[in-house]
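Hi everyone, thanks for making time today.

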Amino acid sequence: MNLQPVSIQERVTAIDLMRGFSLFGILIVNMLAFHSPFFYIDPYKWFNGAMNEGIYFVIDIFIQGSFYPLFAMLFGYGLAMQYMRAEANGRPFMPLASKRLVILLLFGMIHAFLIWYGDILITYAIMGFLLIGMIRLPSSWLVGFGAIIYTVPHVLLLGILFLAVAADPNIYVGYMEIESSIQAYQSGSFAEIFSQRLADWSYSNNLVGFVILIATILPFLMVGAAAAKWRLIERTQEKRKLWLFLAIVPLLIGLALKSLPFLLEPNYAFVYLQDIFGGPLVAIGYAAIIALLAQNNAMQKLLSPVAKVGRMSLTTYITQSIFATLIFYSYGLGLYGQVDLLTGTLIAIGIFVIQLIFAELWFEKFSRGPLESVWRKWTY
């Protein structure tokens, strides 16, 4: 999310493009949970049939776990850009940043408890408060501390998972939770949907899960903030060799790691290795490719609709949930649990196309997205 609105002249096209592509990837992955009880299934067995298995293969390797890290790094990048602008203009940073993060937290609570349980805004707001406490640290310190916070707990947990897999390689399937989700979202009342939504949010945000989330998301924000201080995206042409390296090496290593559940065995350990270590490497590769493409004026013009979606990231993210829940929940079309992976993915693409068209039309008259305008009004 772009916390600090900036003028069009100040905008960096590559950043908006990265946000736009991230929102598309996040929607493709979130759609799995919009139309099915994804948290409680074994996806390697649930999506059967050659077509569904093929689509899940593509999503799992090229999309799953590879766009939320990029989006989180961009969040840290934007927060650090706010800090540097405030410092340059002699304005206090902490009060305004804190106010914006509180508003983001409120948006997240509304989104999580009244629209969709898979919200990430609450996490970003909390991690944002932790980041602004460290924002004055040098870039090298942010990267170093971030690497330690990320690597140590995840390597330890990965070791525990390999031990657990040696005892039982099967992925947990919550049959009762699956039945409850389908019953509530497909045909339940709004009160029953609210209750199920709260249960699903609690399931994915328990104490252990939240600690792991801190060790996952906060380092991405820290690395993004360090990159902003180095102005890596703005200096893409100057740092072209570095970006070319990042577009090839991390991407190839990440894709190799993400292929392990298919090449070896789809168990908890390999899935964790795939998402936690493979996903961020692929995200870095994608960021580098987008940064390099944005140096070409013809590509900038061609991808302009994606950049405009990225400029209204908060609006785009929340309206994706609104569209999807209206399609799949009982107070809409009630299609939850009734579509295959191909149909769900096509619906996601359709939603994003609508958002591309809306963004194009909106920015012909306005300089900011609808929710971004409200946010600006509330925080000034």
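Let me begin with a rule: rings of Phe, Tyr and Trp (its six-membered ring) pair if their centres lie within 6.5 Å, with planes under 30 degrees apart counted as stacked, over 60 as edge-to-face and the rest as tilted. By that rule, the count here is 27 aromatic pairs. Take tyrosine 329 and tyrosine 331: their ring centres are 5.9 Å apart and their planes stand at 80°, so this pair is edge-to-face.

Before going on, a word on the source. This is a predicted model, where local features need pLDDT of at least 70 and side-chain atom pairs count only at pLDDT 80 or more, while totals for chains, interfaces and linings use all residues. Residues are numbered from 1 along each chain as its sequence is written, and side-chain values use heavy atoms, leaving out hydrogens and water.

As for pLDDT, the predictor's confidence in each residue from 0 to 100, the protein's mean is 92, and 96% of its residues reach 70 or more. Over residues 1-10, though, pLDDT stays under 50.

Back to our tyrosines. For accessibility, buried means under 20% relative accessible area, exposed over 50%, and partly exposed in between, with a 1.4 Å probe and protein chains only. Tyrosine 329 is buried, at 0%, whereas tyrosine 331 is partly exposed at 35%. Both belong to a cluster linked by ring pairs, which also includes Trp116, Tyr185 and Phe190.

Now for helix 9, residues 190-204. Helices here are DSSP runs (H or I, at least four residues), numbered from the N terminus. Which residues of helix 9 are buried? They are Ile193, Gln196, Arg197, Asp200 and Trp201. What covers them includes helix 5 (94-114), helix 6 (121-132) and helix 8 (175-187), with contact meaning heavy atoms within 4.5 Å.

Two more residues to look at. Arginine 231 has a positive phi of about 55°, although it is not a glycine. Arginine 231 sits in the loop between helix 10 (207-230) and helix 11 (240-258), partly exposed at 38%.

Finally, tyrosine 268 lies in helix 13 (residues 268-293) and is partly exposed, at 34%. Leaving aside residues up to four places away in sequence, tyrosine 268 touches Leu161, Val165, Asn170, Ile171 and Tyr172.

Definitions and conventions: Helices (H or I, at least four residues) and strands (E, at least two) are DSSP runs, numbered from the N terminus. The expected span of a helix is 1.5 Å times one less than its number of residues.
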